[in-house]
Amino acid sequence: MPFLFRLKVAAVFAAAVSLPGAAHAGVADFIRTQTAAQGRDLVDAARAMPAERYRYSPGPEQMTFGELVLHVADGNYLFCSPIGNSTAPAVEKLPGDGPKDALVKRLQDSFDFCARALATIDDSKMAEMLVIGNVRTPRSMAILTLSGTWNTHLTMARDYLSKNGQAVAATSR
Amino acid sequence: MARPSPRRRADGGRARRPLRVVSSWLTLLGLLLVCAGARAHDLPVNTMVNAFVRVHDRQADLVARVPMDLLRGIPFPPADGRYDLAQPGPYEELARTLLADAFVLAEDNVLLKPLRSEGRIVAVSDRSFDRFDHALAAVQASTGSAASIPYDTGYLDVHFVYPVKSTGSRFEIQSQVAVDVGVLAPLTVRFVRGDDEGRAMIIPPGADPVDLDPAWYRAAGGFVVLGIEHILTGTDHLLFLLCLVVPVRRLRAVVPLITAFTVAHSVTLIASALGFAPRGPWFPPLVEAAIAASIVYTALENVVMPSMGRRELITCLFGLVHGFGFSNALGDSLQLAGQHLIVSLLSFNAGIEIGQLGVLGIMLPLFALLRRWMSSRRLVVVLSTAGGLLGAVWLVERWQVLWQVDVACSGAGCLGHAAPWLVASVALLALVPMLSAYRKHRTSRISQRTQ
């Protein structure tokens, strides 16, 4: 009984703090979960594409697979640095038609950086304005954008894989 | 013995050539007005965020409809390619949590925090956002049949309730939704006051906070500044003004010119802002090209025939064109006028006049100073040639833009909008030779009398 009583008190307290006062409850945890899940899926997709198909592009106006991988990595450094208030490491310039191993490593490193940068954020400063590129946006919206770009790019990567006869892993959604 | 002034003598013989040019130009304008039509806008409407704000009983309600496309970052659970609305709870709540920061509502410069919120996912076919009360009722209803919404389509309807100090406070709104896509995801918001749904304002994400219901003096002040800014940054208007007044040596002769320009551009500016101008996508580039043509014509007239005989009339004609240009510049800003449309329009016009007078206040003494170093005629030729060349470059550039616009008529609407202006143009065309003949007649009578 005392244990159940304590459990009830804890549940009531948790419900209370999740109401208006803690307006951003769960956002920090959400982006950390997304970083792990989407990072794994995107790196898996990058590994699944054969090296000789990294220059594949569905159309002349679209990125090659290699450029897509590099684009995601660049985006990770661009977003995770201000969101996590951490300085992005200086990385060597890498061309979109670079070797597959280097591109996959760059992608993996960028997700590792995001995981480190986002490890310490909490829900208390989600309304804080950040400058990302030349855009001012609240941290919460930057998180939504980052997660959205991962979704979009994962869909693209899987589409590229499918068009090259590669098996496509199940969506994380 | 009094003699007719050289100005008037020059009028008589060479009046026809420029008249023909003006007539041809206006005929071309008329033809384009008749043939041009509206083209559907290319804005992907599925990324537009719609919202209503109502303030009453010490609370503000913000009801917004956000396309799911803009919430792709939230992994709503799917079920057979559709939203699994049996369990959207935590994700729908997460979306509301994130959007609470994206809709920035402030009361007297103090940021408001939502007291509570609710939301639901709806299909694209849902039409409940036509009115505030319908939207509020819908968002408060249960999700219902939403289980049939295909993934990545539809909207998230949200309702935020904010505590406010007074309904009479100054409320401002700003959108931070999808700042990364910029103007493709504007916030269309209506401020609801009683039964009045208010005027829709379209606010780009990341733009400065917008006063939802500005007091008349705030609206007026803002539009005066906008008018001044527009004339001071409008190089083409300034160049036209320069070409217009450079041959004039006396202040007394400048006044009727500026008055004619002011009256004319005020007429088209106000008429256009009140919705009487053609609305096709061809119209703004046509006006821009015509403004460039006005510079070229005035500069040419200065160089070839330095006559001031019909300048008031020509200024009046070109003033009508520049008025359309001013209204294009006013464009979306007028939506920020709140309930004070006329006050804001007049204020914008006043701002243009203030800016214009300021520029003339610099230009005229400068010309007087330059005339000490060179002959008046040389000054006119040098400045008009430079101005005319620049105008010609703009004319070519703008003509190319106009040429790329689809001017095919898509219905009777384009003709309907163009017709009044066509009639007005024809009337003015008729007026030019009439006034010219009258002036000629009067000149000859004065000449006869003096002889």
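A salt bridge is a side-chain nitrogen of Lys or Arg within 4 Å of a carboxyl oxygen of Asp or Glu. This is a predicted model, in which local features need pLDDT of at least 70, side-chain atom pairs count only at pLDDT 80 or more, and totals for chains, interfaces and linings use all residues. Side-chain values use heavy atoms, without hydrogens or water, residues are numbered from 1 along each chain as its sequence is written, and chains are lettered from A and ligands numbered from 1 in the order in which they are written.

Over all chains, the whole structure holds 18 salt bridges. In one of them, Asp157(B) meets Arg120(B) at 3.8 Å, N to O. Asp157(B) lies in strand β8 (residues 155-163) of chain B and Arg120(B) in strand β7 (residues 116-122) of chain B, so the pair ties together parts 37 residues apart in sequence. Strands are DSSP runs of E, at least two residues; helices are runs of H or I, at least four; both are numbered from the N terminus. Asp157(B) is buried, at 0% relative accessible area. Buried means under 20%, exposed over 50%, and partly exposed in between (1.4 Å probe, protein chains only). Arg120(B) is also buried, at 8%.

Arg398(B) forms a salt bridge with Asp236(B), with the closest N and O atoms 3.2 Å apart. Arg398(B) sits in helix α11 (residues 376-404) of chain B and Asp236(B) in helix α6 of chain B, so this pair ties together parts 162 residues apart in sequence. Arg398(B) also forms a salt bridge with Glu288(B), at 3.5 Å between the closest N and O atoms. Glu288(B) belongs to helix α8 (residues 283-304) of chain B, 110 residues from Arg398(B). Glu288(B) is partly exposed, at 24%.
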